[in-house]
Amino acid sequence: MNSKPAPVFLLVLAFALSAPAAEPAPGRYAAVSASPDGIGKVYAGREIARVMSFHGAEWLERPERAEEERPELLLSALELKPGMTVADIGAGTGYYSWRMAQRVGAGGTVYAVDIQPEMIRLLEQQMSRRRAANVKALLGTPTDPGLPPASVDLALMVEEQVVAGDAAAPALERIEERVGLGDLGDCAFVQEALPESVELKRATFKRLSERISADAIVASTSSTISPSHLAHAVAGPERFLVAHWLNPAHIIPLVEVVPGQQTSAKTVESTLRLLERLGKTPVRCADSPGFIGPRIQVLLMNEAVRLVEEGVATPEDVDRAFRAGMGFRYASVGIFEFIDWGGVDILYRASRYMSEALGDDRFKPARLVEQKMAYNELGPKTGRGFFDYAGDRRDTFETAKIRALLRQLKRDRESAP
Ligand SMILES: NC(=O)c1ccc[n+]([C@@H]2O[C@H](COP(=O)([O-])OP(=O)(O)OC[C@H]3O[C@@H](n4cnc5c(N)ncnc54)[C@H](O)[C@@H]3O)[C@@H](O)[C@H]2O)c1
């Protein structure tokens with residue numbers, strides 16, 4: 001699709017008749033046995049169709065519709081503003097698309113989606129007759145509205161109030177699509193996201209170095225490759241590091257910042273500052289394969305697969321257990337905080353038991369865990385574990401963590417479907 005991605009506010013209008021509807025007011029609908037294309041409900045003398053056929057398109061434009069349906073009530077409830085981009089899913093002949101187009105103005109866009117090619121043709125005729133150049137007709141399918149992909153995520157971000165409605169369109173305006181490495185001379189920060197191949201990344205860095213200014217920072221988003229394996233391909237390796245974003249990168253706050261042996265302190269500081277300004281949570285990490293996240297995650301993921309391989313649980317149950325248990329917990333409590341809270345001795349005993357019971361050294365306690373056992377640094381209960389719990393720090397820590405978990409539980413319950 002050539003159209004520039006734009007924020008889309010998803011609107012499902014009354015035409016989505018196959019979706020389960022709210023119970024009608026008693027007496028307004030009559031039940032009949034469903035005809036092949038109908039849903040078995042009669043309204044105003046007509047059985048409601050599963051999908052409104054294009055044969056009935058004329059009915060959608062009936063003059064009395066404005067009086068019957070009072071579209072202005074819906075349109076004012078939508079609070080559309082000039083410049084917005086909206087989607088009318090199940091647009092039909094564009095009865096609402098056209099009205100929305102007038103509200104978002106020439107600077108806005110209405111994506112009018114329908115699943116019938118004939119309906120799309122009628123809609124385009126209507127829009128050209130009405131000179132509504134800001135309505136873009138899209139042929140979707142029952143499972144895919146065919147909207148520009150980037151715009152749907154942005155629409156969800158607006159809906160979830162992560163991005164303000166009027167900030168969405170300008171954000172996309174700032175993205176320029178380019179092919180090739182030209183025109184990068186003005187860039188102060190270049191974030192590379194090529195496929196995970198050392199050769200490809202090195203070759204590209206060589207060509208890139210000739211096109212960018214000498215003090216531009218070059219960051220690779222590699223999930224595993226040590227920056228020292230890539231740095232020499234950049235002219236001026238002191239301005240190179242890994243900035244590893246996590247997918248989906250526009251949502252997950254963490255970015256791991258990994259300097260190589262030659263990376264300058266200035267490069268690291270500037271990168272950390274930039275990421276913070278972007279609202280991210282940058283975490284520094286020494287140059288070591290897999291950094292923090294991938295190293296933990298590779299073990300975690302393989303262990304989950306082994307559980308399924310051995311028939312211990314199904315993928316669905318592993319996922320359910322992970323989301324309701326570890327995933328829930330670690331959103332509010334760090335791993336080291338939890339080792340301390342539960343007790344280093346618990347981890348030590350669990351590790352020994354499991355390595356023996358499963359006959360696998362992978363589960364043996366880490367050396368530092370054994371050392372903590374020897375020093376009786378077991379967590380809050382002994383005043384020190386990986387963190388210090390002297391004085392009232394134990395109470396403060398435990399109260400803060402309980403509160404964080406309770407708030408998370410509340411959020412989860414409030415947002416449960
Ligand atoms: N997939 C993830 O979840 C994830 C998460 C964090 C980091 N990463 C890292 O991000 C990087 C990219 O991963 P991905 O999964 O997005 O890879 P990908 O292969 O899906 O996407 C890479 C993009 O680079 C483009 N491309 C390929 N060759 C190119 C070339 N010679 N010049 C310009 N563009 C080219 C491709 O068209 C594609 O759009 C890797 O280093 C990976 O380790 C991936």
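Ile-292 sits in the loop between β12 (281–284) and α10. Helices (H or I, at least four residues) and strands (E, at least two) are DSSP runs, numbered from the N terminus. At 36% relative accessibility, Ile-292 is partly exposed. Buried means under 20% relative accessible area, exposed means over 50%, and partly exposed lies in between (1.4 Å probe, protein chains only).

This is a predicted model, in which local features need pLDDT of at least 70 and side-chain atom pairs count only at pLDDT 80 or more, while totals for chains, interfaces and linings use all residues. Residues are numbered from 1 along each chain as its sequence is written, and side-chain values use heavy atoms, with hydrogens and water left out.

**Domains**

- The protein is divided into domain 1 (8–169), domain 2 (189–284) and domain 3 (325–415).
- These bounds come from an automatic or database domain assignment.
- The C-alpha centres of domain 2 and domain 3 are 33 Å apart.

**The nonpolar patch**

- Ile-292 is one of the residues that make a nonpolar surface patch of about 810 Å².
- Patches are made of residues with over 30% relative accessible area and no salt bridge; like charges are joined within 9 Å, and nonpolar side chains (Val, Leu, Ile, Met, Phe, Trp, Tyr) within 5 Å.
- Accessible areas come from the Shrake-Rupley method with a 1.4 Å probe, and for residues only the protein chains shown count as cover.
- Three helices each supply at least two residues of the patch: α10 (293–309), α11 (315–330) and α12 (335–342).
- Helix α11 gives the most, with three residues.

**Aromatic pairs**

- The count is seven aromatic pairs.
- Rings of Phe, Tyr and Trp (its six-membered ring) pair if their centres lie within 6.5 Å; planes under 30 degrees apart count as stacked, over 60 as edge-to-face and the rest as tilted.
- Tyr-29 and Tyr-43 form a tilted pair, at 5.3 Å centre to centre and 40° between the planes.
- Tyr-29 lies in strand β2 (residues 29–31) and Tyr-43 in strand β3 (residues 38–43), so this pair ties together parts that are 14 residues apart in sequence.
- Tyr-29 is partly exposed at 31% relative accessibility, and Tyr-43 is partly exposed at 41%.
- Phe-336 and Phe-386 form an edge-to-face pair, because their ring centres are 4.7 Å apart and their planes are at 70°.
- Phe-336 lies in helix α12 and Phe-386 in the loop between α14 (367–374) and α15 (393–415), so the pair ties together parts that are 50 residues apart in sequence.
- Trp-341, Tyr-389 and Phe-397 form one aromatic cluster.

**Salt bridges**

- Side chains of opposite charge can pair when their charged atoms come close.
- A salt bridge is a side-chain nitrogen of Lys or Arg within 4 Å of a carboxyl oxygen of Asp or Glu.
- The count comes to 19 salt bridges.
- Glu-68 and Arg-62 meet in one of them, at 2.7 Å from N to O.
- Glu-68 is exposed at 52% relative accessibility, whereas Arg-62 is buried at 9%.
- Glu-176 bridges to Arg-178, with the closest N and O atoms 2.3 Å apart.
- Glu-176 is exposed at 55% relative accessibility, while Arg-178 is partly exposed at 47%.
- Asp-360 and Arg-362 form a salt bridge at 3.0 Å, N to O.
- Asp-360 is partly exposed at 22% relative accessibility, and Arg-362 is partly exposed at 43%.
- Salt bridges that share partners join Asp-360 and Arg-362 with Glu-303 and Arg-306 in one network.

**Cysteines**

- The model has zero disulfides, a disulfide being a pair of cysteine sulfur atoms within 2.5 Å.
- Cys-187 is partly exposed at 25% relative accessibility.
- Cys-285 is buried, with a relative accessible area of 13%.

**Pro-170**

- Pro-170 is found in helix α7 (residues 165–173).
- Pro-170 is partly exposed, at 35% relative accessible area.
- Pro-170 and Gly-83 are 87 residues apart along the chain, and their C-alpha atoms are separated by 9.4 Å.
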